[in-house]
Amino acid sequence: MKPNRSTPSPSSRRTSRRQFLRTGAAGAGALLAGLGSATAAGAATALAVHTGRRPNFLLLVADQLGLDAISAHGCGDVRTPNIDRLVRRGVTFMESHSTNPVCSPARSSLFTGRMPTETGVISNGRPIHPSVPNLGQRLREHGYDTVYCGKWHLPGGYPHQIDGFDVLPVGGGQGDLVDPAVSRTCEAYLKTRSRTSPFLLAASLLQPHDICYWAIKGKALVPQKLPFDQLAGRLPDLPPNHKSRPPAPEKLDRIKYAGFSDEQWRYYIYVYYRQVEMLDADVGRILDALDDTGQADETVVLLTADHGEGRGRHMHVQKWYPYEESVKVPLIVSWPGQVAENVRNDAHLVSGLDVTNTFCDYAGVAGPGGLGRSLRPLLEQGSTPWRDFLVTEHHVVGRMVRTPQFKFVRYEDDPVEQLFDLEADPWEMHNVYHDARYADALADHRRLLAEWNAQLVTVPPTPDVSRPRRRA
Amino acid sequence: MSNAAENLFTLNVITPHLEGFRPPLGEHDPAGDWELSYTLYTLGSIAGSGGPMGSLVLRRKAAPAGFVLAVDYRKRVPPDMTQEVSGEITCRQDTLGTPKRWTYASAITAAGGGPIKHTRLEKSATTTDGQIEIHDGRHRRQLPVAARCTIHWALFEAVGRLPRTPFEPIRFTLLDHFDQVKPNHTLSFRRAADVMLGGQAVRLHAYDHLGEGVVPWVYWVDKQGRPLFAVSGLEAYVIGFPQKG
């Protein structure tokens with residue numbers, strides 16, 4: 001069964017919202033094999049026009065979840081029935097990017113709709129600039145109950161106070177111990193809250209971020225020889241670009257994780273997918289609570305992540321860098337009856353910039369504007385005039401320009417640039433920036449970067465409060 | 001008997017936290033009535049503050065055609081709050097102590113006070129062949145499970161009763177954190193290892209628990225069937241440690 005793909009073709013632009021909601025789910029078939037008839041039947045009866053009442057918002061933020069680390073997105077090494085459920089219920093964006101694949105900068109964008117250079121959060125441990133309102137502040141001002149549970153990291157990991165939100169405290173640490181408390185607490189909130197006002201509940205789960213420690217403490221957590229006989233033959237394969245190290249700017253090139261044997265890499269990837277499944281279970285608990293309490297039909301659910309995870313691609317663990325495994329993140333949106341069901345959008349370049357804009361649009365609240373966009377036209381109609389490119393930030397001085405076919409990477413003052421033709425080279429193994437055949441594309445992308453930069457409304461970097469202050 | 005590194009995995013992970021550890025003395029009947037207390041360690045802190053983060057107390061009491069396992073889990077919520085989960089599992093007298101029913105309550109509690117608003121949750125469940133039905137007082141949810149299923153906390157009990165020799169891996173559905181249904185799990189015996197603990201050689205038996213949605217668990221059980229350590233990645237439980245004054 002072929003997935004339904006939303007494309008920005010002229011004909012699709014003429015498709016009405018009602019047609020899209022109907023054909024988006026039922027016309028081209030379900031995204032997941034074996035689920036087509038039920039999904040299509042659900043969509044056919046889910047065309048009730050929104051009455052005008054403002055929706056609730058459930059924002060599920062995962063930490064270090066790569067876009068392709070989900071079974072509904074084709075990963076055969078993991079089973080994510082609950083995230084898959086969300087995919088079936090809504091639109092999943094396959095060209096979704098972190099604004100900066102590091103926790104704090106990416107999160108600053110998710111919660112403000114601004115690029116990290118516009119929030120002041122250019123690296124971890126910095127607060128959002130006080131001149132930039134967050135999503136909680138925007139919605140609270142207009143009558144929403146705004147509640148936060150889980151990791152924040154702007155700058156405190158698990159602070160008990162966040163401007164614009166009531167915080168449900170759960171403690172911090174590791175995802176294996178804190179995420180079940182986050183999901184239980186979110187469930188309790190959904191089951192006990194007063195229903196006098198619409199809500200924004202931000203549930204920020206830590207998994208699969210725990211994998212970071214497998215690299216930091218590799219020798220202890222990843223033994224030279226695995227003792228688990230039952231895993232023989234069951235470990236994930238190494239990715240095709242595992243040892244690929246295309247020419248890169250120096251700051252990017254020096255990131256490489258060495259010291260694992262092939263079997264250790266494969267165990268590392270195995271553990272990562274188990275942590276994704278832990279995340280999935282906690283997502284499921286929260287979605288179940290939404291369903292059980294009859295609030296699902298009134299709630300826009302959006303699941304995304306701050307950044308991805310290396311998983312041995314390009315000899316990388318963790319994030320920071322502009323390769324696909326680091327910068328691509330899920331962005332899945334559902335609202336039964338209002339957002340098309342079971343649609344896979346491969347055509348539109350979206351990013352964490354668009355989250356706050358989308359929620360503000362649905363709430364009828366002024367959004368941050370800037371370079372972010374509301375996803376609402378894509379969710380309801382399948383298409384709209386859209387951006388031709390987007391930019392992500394890396395290592396303070398690095399920038400990536402992404403167009404439908406290419407990825408361009410430039411680090412300030414570094415003579416080595418990167419240009420990948422993602423249609424021909426989806427695993428990013430061949431940097432063609434010196435290839436004369438791509439000279440025009442290279443020049444175009446340099447121009448696009450300048451164009452993007454000219455539109456930024458930057459603020460001074462906020463202080464990194466996670467590091468001891470230097471004495472004058 | 002080889003004590004090669006892979007045989008001691010995951011004891012190697014918690015070794016830095018075992019200074020001063022003394023293995024418990026005295027008799028222990030894994031199929032009888034008992035109470036075992038554990039200290040919870042989180043091992044992932046980059047800052048090196050991987051000290052005690054909480055506790056787990058398990059109480060087993062015989063009951064008609066099975067036993068009841070009481071669970072009391074507490075984890076610190078800095079600076080002065082606590083994450084609490086208390087439950088009771090009525091188990092069948094079978095290999096894994098398959099739950100017939102369970103109840104649990106969870107909350108975040110303030111220092112010296114009760115639950116913080118919107119954090120208290122109570123649930124109960126009953127299992128029948130191939131199905132679990134979970135209630136929260138107002139809502140009901142039915143989910144399929146394998147005929148052999150168990151709750152994570154009950155595995156602490158089950159490993160004490162398992163053979164100390166290799167056996168065919170036991171396949172089951174895990175009910176993680178009571179209500180998260182995770183299929184395709186196995187529990188198996190790996191091997192025995194002689195380990196120096198508190199200046200004395202102790203024979204420990206390692207049981208491996210693998211499956212969807214868990215980082216491999218390893219239970220280290222002494223010759224009397226008392227799990228001394230349970231380690232899964234960054235999460236570790238150490239029996240009765242540190243010693244109370």
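Let's start with where the two chains meet: 41 residues of chain A and 44 residues of chain B form the contact, where two residues are in contact if their C-beta atoms, placed from the backbone, lie within 7 Å. On the chain A side, helices H8 (175-192), H9 (212-216), H10 (218-221) and H12 (262-292) each bring at least two residues. H8(A) gives the most, with 11 residues. Helices here are DSSP runs of H or I with at least four residues, strands are runs of E with at least two, and both are numbered from the N terminus.

A quick word on what you're looking at. This is a predicted model, in which local features need pLDDT of at least 70, side-chain atom pairs count only at pLDDT 80 or more, and totals for chains, interfaces and linings use all residues. Residues are numbered from 1 along each chain as its sequence is written, while chains are lettered from A and ligands numbered from 1 in the order in which they are written.

Now, chain B. You'll find three helices and 15 strands there, and the C-alpha trace spans about 55 × 45 × 30 Å along its principal axes.

Over to chain A, which has domain 1 (15-35 + 54-212 + 265-381) and domain 2 (393-455); those bounds come from an automatic or database domain assignment. How far apart are the domain centres? Taken over C-alpha atoms, 27 Å separate them. Between these domains, 17 residues of domain 1 of chain A are in contact with 10 residues of domain 2 of chain A. Helix H6 (116-119) and helix H13 (324-327) of chain A each supply at least two residues to the domain 1 side.
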